[in-house]
Amino acid sequence: MRAIIYDTFGGAEVLRLGDTDKPVPGPGDVRVKVVTVGVNPLDYKRRYGRVEQFYPTTFPAVPGLEFAGVVDALGDGAGDEFAVGDEVFGWTRTGAYAEYALAGDIVRKPAALSFEAAAALPVAGETAQRVLDLLGLTTGETLLLHGAAGAVGQVAVQLAVAGGATVVGTASPANHDFLRALGAVPVAYGAGLADRVRSVAPQGVDAVFDAAGQDALPVSIALRGGTTDRIVTIADMNAAEHGVPFSAGGTPSEQIRAGLAAHARLAVEGRLAVPVVETFPLADAAKAQELSEAGHVRGKLVITV
């Protein structure tokens, strides 16, 4: 099968389109013919070797965590929940930038949800929900969300606002109207951020979700009155130096699958959106990762296989 492969850590130039063995489903496995793949910042961070403590790499490696596709083959004992021909989406165990993959946590894709939209949901939805749960955000509280216009940030804004919270979201001025439409109170990042946040949230900040990195933690701690309590980052690898937890997964499978199904229902109902801003053929996966790494994508990049 065709797949994007890399044999060493490095920049986007280490990615190559090549041929590799089609994965063989073992007992309980579901193999999927991949249709679309979601591109995430974690893809290029893994390519550089920056997150080995959380996601160890075995070479040759195929990137990609989330996908949508069609069930192609079933291992022994896997036929109770899925059948060949089912349209599914979720997570893969063998790398998503490929024609075929063995599924991790997946659910059936609603017919009304496009393959592109389905591939955009798993990582952003699970990450946003996981961090909001860790923060214990409740109705009436105020959340400071760094990187609110990114894919994870957008989902977190929508889920938090739906739960009755006030969301102050950092973003470039070009994204402020977009964030207002999602229900957030936008502020520009950069020098003077603390004063801008205090001006729009004089009641104070109850929790902080850092989806941006870029030294957002010191100002977050200051806005929390000097405490690191109820601050979580998914983007700052130096979080431990600030006494802040770095969240990199650990959600139980049953909870992941329940979240996939719930977020798909919300998307079909028009209550949760993750805009797909650009699609790329598999051969242009390096271009997609370079655009993701540039850090100014408002929404989701998707690869079509």
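Which residues have the most contacts inside the largest nonpolar core? Hello everyone, let me start there. What we have on screen is a predicted model. Its largest nonpolar core has 48 residues, and those with the most contacts inside it are Phe89, Leu143, Leu145, Leu179 and Phe209. Helix H4, residues 151-162, gives the most to this core, with 7 residues.

Let's take Leu145 as our way in. If we set aside its neighbours within four places in sequence, Leu145 touches Gly153, Ala156, Val157, Val167, Val168, Gly169, Thr170 and Phe209. Phe209, you will remember, is also one of the residues with the most contacts inside the core. There is another core too, lying apart from this one: it has 26 residues, including Val14, Leu15, Val30 and Tyr97.

Next, helix H6, which covers residues 193-200. Which of its residues are buried? They are Leu193, Ala194 and Val197. Looking down the axis of H6, these buried residues fall within an arc of 100 degrees, so they line one face of the helix. For anyone who would like the background, an α-helix has 3.6 residues a turn, so residues three or four places apart point the same way.

Now to some strands. E3, residues 30-39, pairs with E4, residues 66-74, in the antiparallel sense, and 8 bridges hold that pairing. As a landmark, find Gly38, which stands opposite Glu66 in E4. E4 is also joined to strand E5, residues 87-92, by 5 bridges, and these two run antiparallel. Here you can look for Gly69, whose bridge partner in E5 is Val88.

On to the aromatic rings. How many aromatic pairs does a search of the whole structure find? The search gives 3. Phe9 lies in the loop between strands E1 (2-5) and E2 (16-19), while Phe59 is in the loop between helix H1 (41-48) and E4, so the pair ties together parts that are 50 residues apart in sequence. Both residues are partly exposed: Phe9 has a relative accessible area of 31%, and Phe59 comes in at 34%.

A further pair is Phe54 with Phe246: the ring centres are 5.0 Å apart and the planes are at 15 degrees, so this pair is stacked. Phe54 is partly exposed at 34% relative accessibility, and Phe246 is partly exposed at 23%. Back at Phe9 and Phe59, ring pairs link those two with Tyr6 into a cluster.

Finally, two lysines over rings. The charged end of Lys22 sits over the ring of Tyr100, 4.3 Å from its centre. Likewise, Lys109 lies over the face of Phe115, with 4.5 Å to the ring centre.

Technical notes: Residues numbered from 1 in each chain as written. Predicted model: local features only at pLDDT ≥ 70, side-chain atom pairs only at ≥ 80, totals over all residues. Heavy atoms only, no water. Buried < 20%, exposed > 50% of the residue type's maximum accessible area, 1.4 Å probe, protein only. Helix = DSSP H or I, 4+ residues; strand = E, 2+ residues; numbered from the N terminus. Arc of directions from axis to C-beta. Pairing = 2+ DSSP bridges. Phe/Tyr/Trp six-rings, centres within 6.5 Å; stacked < 30°, edge-to-face > 60°. Lys NZ or Arg CZ within 6 Å of the ring centre and 35° of its normal. Core = buried A, V, L, I, M, F, W, Y, C linked by side-chain atoms within 4.5 Å. Contact = heavy atoms within 4.5 Å.
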